[in-house]
Amino acid sequence: MLAFLRDRRVRGYLFQLITIIGVVAFLWYIGVNTTHNIEQRGIKTGFGFLNSTAGFGINDSPISYTPSNSYGRVFLVGLLNTLIVSFVAIIFSTILGLFVGVLRLSKNWLMRKLSAAYIEIFRNIPILLQILFWYNVVLRSLPSPRGSIDIFGTIFINNRGLYIPQPALDATVISVLLSFILVIVFVFFLNRWSNKRQEQTGQEFPVLPVGLGLLIVVPIIGYFVGGANFDFSYPHLQGFNFQGGKQFYPEFIALAMAITIYTATFIAEAVRSGIEAVNKGQKEAAASIGLSSYQALKLVVLPQAVRIAIPPTINQYLNIVKNSSLATAIGYPELVTVFAGTTLNQVGQAIEIISITMLVYLVVSLVVSALLNWINHKMKIKER
Amino acid sequence: MAVYNKISQREAPSNSKGAIHWMRDNLFSSPLNTALTMLGIAILVWIIPPFIKWSLIDAHFAGDSRAQCTGDGACWVFIKVKMSMFMYGFYPEVDRWRVNLVAIFFVVLIGLFKLIKKDTVRFFMLTGYFIVAFILIRGGFFGLNVVDTNKWGGLMLTIIVAAVGIVCSFPIGILFAFGRSSKLPIIKSISVTYIEFIRGVPLITILFMSSVILPLFFPEGITFNKLLRALIGITLFQAAYIAEIVRGGLQSIPSGQYEAADAIGLSYWQKMILVILPQALKVAIPNLVGSFIALFQDTTLVLIIGLFDLLAMVQLTSSDSKWLGFETEGYVFVTILFWVFCYSMSVYSRSLEKRFNTNNK
C-alpha cells in the first residue's frame, strides 16, 4: 500500500482528486448557502429585470435614452460610455506616451529631464487620486458658463464642461470621412506593395510622404465633391447655459484626462525600453552598409523597437479599459457607475449584475490577450 | 626612396569644458533642439513659479482656525488642524499611542532584520509582529478597549490594507504560481482559470463582489465587517498578480536545477521550497516590488465601498462646515504623501534590481 503511494504518478492523480473534491465541496457549500440566503431574504433571481423600466436619468448618453427605458438599455449606455472613454484615453495616451518616450531619449538635456520628471511624478500617484483631483479641484475651479473661457468664439470651457461645434451628419461630412478611410486603406495596401517591391528589386517607394500628402489632399477633394458645405451647430450662451454644439461633461473630461496622463507614463516607458533595447551594433551595421539615418531608422531600428514596445503598450490599453471603471467615484455614467452602481442599488440582484459586469471586462481582456498572442506570434523573430 | 609628405596641422581640440560649451551641446545643438529648450523653459515658467507662490510665498502656516487664511495662497493650517484625521481617521485620541507603538515596533523590527539573518527566526519575528500589531490596534486583550474597524482611517488604514494585502496574498500567489507551472492538468487548469479571471476584471468589480456577494456565500451566523470584506477582495486580487510574477521567476530557473533536485531524491515540496523558490523569488523581486507599489496605489479604491482611507479623508475633512473649500490643500498633501511612499519604493526596487543583476554575472 505504501509502495503504491510512493509512485509519483499515483500520487499526482490522488492529489488532483483531493483538489477536485475540495473545490467541488467548497462550491457546493457556497451554492447551498447562497440559495438559502436568497430564499430567506426574498431576493428575486434571473435576468428578467433587464426588461423592466429603469426610471433614472443618465445625462451623458451616446444613444437616445430616457428614464422610461429598460435596464437592458442602461447596460448598453454604460457599455458604450466605457468603450468611448477608453477609446479616447487610448488615442491620447498613445500620442502623449510616444512623445514623452522619444523625448526621454532626446539629445536635449532639459527635455530629457522634464519627461523623466513627468514620468516619475505621475506614475507614483494613485490614478483614483488623479481622477478626483482633476474633477474636484481643476474642473471645479473653472469659471461659470457666463464667464467661460472662449476660444475664437467657437469653443467654450467652463465648469459644466467643454463645448465644441458639432458638424451635422450631411453629405460633406460623410464624403470627407469616407475619403479619410479610403486613403488609409489605400496607404495600407501601398505599403504592402512597396515592401514587396523593395524585397524583390531593392527599389524604395516614399510611402510616408505620399501617404501624408494623400491624407491631406483627398479629404479636401472629398470636401468639395460632397458639396463643400459644413453645417456646424455652434455652442452659444442662452440664459444661464450653453445650447447647441457638442458638450463634453466634466466627468468625462476628468476621467479621460487622468487616465491619459497616468497611462502615458507607462507607454512612454515601454517606448523608451523598446528603443533602448535595439543593440547599438544594429545602428552601426546599418550605417556601415550605407543606409541613410532615415533608412536605418525605418528599416533597422524601428521594426525591432516596435516588436518590443507593442506588447506592454497593448497591456496598458487593457489597463485603460479596466481603470475606466473608477469613473464610479465621480459619476461618469459608464458600465460600473450605472449598472453595477445605480441599477444594483435599485434592483438588488447583486449576483446577476456583478457577473454581467465582470463578464464584459473578461470578454474585453480575452479579446485583447488573443490579439496580443497573435501579434507576438506575427512579430516573433523567425529563427531557423 | 620614400617621399614623406608632411601632414597638415590639425586644429587644436576645442575647449570641451565649461557651462557654455555644455549648454551648446545639450540645449542648443540644432534649431529643433533650441526650440525644445525654449518649450521646456516655457513649461517650467508656467508651472513652477505659480505653484511656489501658492504653496509657499502666499501660504499660511500659523494659527489654528480658518480666520488665519486670507488671500490666494494655500492654507496649510487646514492640514495642521486635520493632521490627526489624515493619520488615524476616527481612532479615539486616547488610544492613538497604540498605533504609534505599532509603528515604532515596525522600525525596531526592520533594525532586528538587519542584525538577524536566520530565516526561521525572521519568520517568527514577523509573525509575532503581526499578532502584536493586531492586538494593539484592535484591542480586546490585556485590558485594551476594543476599537471597532469603522473607526480606523487615514494613512493608518491605507497602510494596514496594503500590508495585509501583501502579506496574505503572497503565500496564496506562490501556491497558484506552483499550480500554474505544475504538470498535473487539473491543478494547472484551476490555477490558470483563477489567475486569468482575476486579472481580467477591474479591482473595483472584485471589491463590489466581496462587499455585496460574499455575505451571501456563508451561513447567516458568519458575518464579515466592511474592512474584512475589502481585505478579502484585495488579497484575492493581489494573489493573481503575484502568481504571474512568481511564475515568471519559476520559468527563468534552468531545468538543470529541477533535475538536480530530483536526482538527489528531494520530494516535490522539498524541491520547490528549498531549491527552486529561493532562486525564483530573487529573480522576481523587482517585479514584486512593482506590484506592491501598484497595490499601495490601489488601496485608494476602498473609498468607493465606503472605507475612510487616506484619500477619502480629503473629502471627509473638507466637507467639515468650518473648513469648506480646502480640498485643494487636502489633495496636494495626500498626493505628496502617496508620491513619497511610492517613489521611495520604486527607487528601492531599482537598487535591488542593480544588486541582483551584478550577482548573476
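This report looks at aromatic rings and their neighbours in a predicted model.

## About the model

Residues are numbered from 1 along each chain as its sequence is written, chains are lettered from A and ligands numbered from 1 in the order in which they are written, and side-chain values use heavy atoms, leaving out hydrogens and water. Because the model is predicted, local features need pLDDT of at least 70 and side-chain atom pairs count only at pLDDT 80 or more, while totals for chains, interfaces and linings use all residues.

## Ring pairs

Over all chains, there are 33 aromatic pairs (rings of Phe, Tyr and Trp, the last by its six-membered ring, with centres within 6.5 Å; planes under 30 degrees apart are stacked, over 60 edge-to-face, the rest tilted). Take A:Y223 and A:F224: their ring centres are 5.2 Å apart and their planes meet at 70°, so this pair is edge-to-face. A:F224 is exposed at 55% relative accessible area, and A:Y223 is partly exposed at 25% (buried is under 20%, exposed over 50%, partly exposed in between, with a 1.4 Å probe and protein chains only).

## A pair in chain B

B:F78 and B:W323 form a tilted pair, because their centres lie 5.7 Å apart and their planes are at 45°. B:F78 is buried at 0% relative accessibility, and B:W323 is buried too, at 5%. Ring pairs also link these two with B:F86, B:F326 and B:F333 into a cluster.

## Charges over rings

In chain A, the charged end of A:R140 sits over the ring of A:Y135, 5.5 Å from its centre (NZ of Lys or CZ of Arg within 6 Å of the ring centre and within 35 degrees of the ring normal). The charged end of A:K246 sits over the ring of A:F248, 5.6 Å from its centre.
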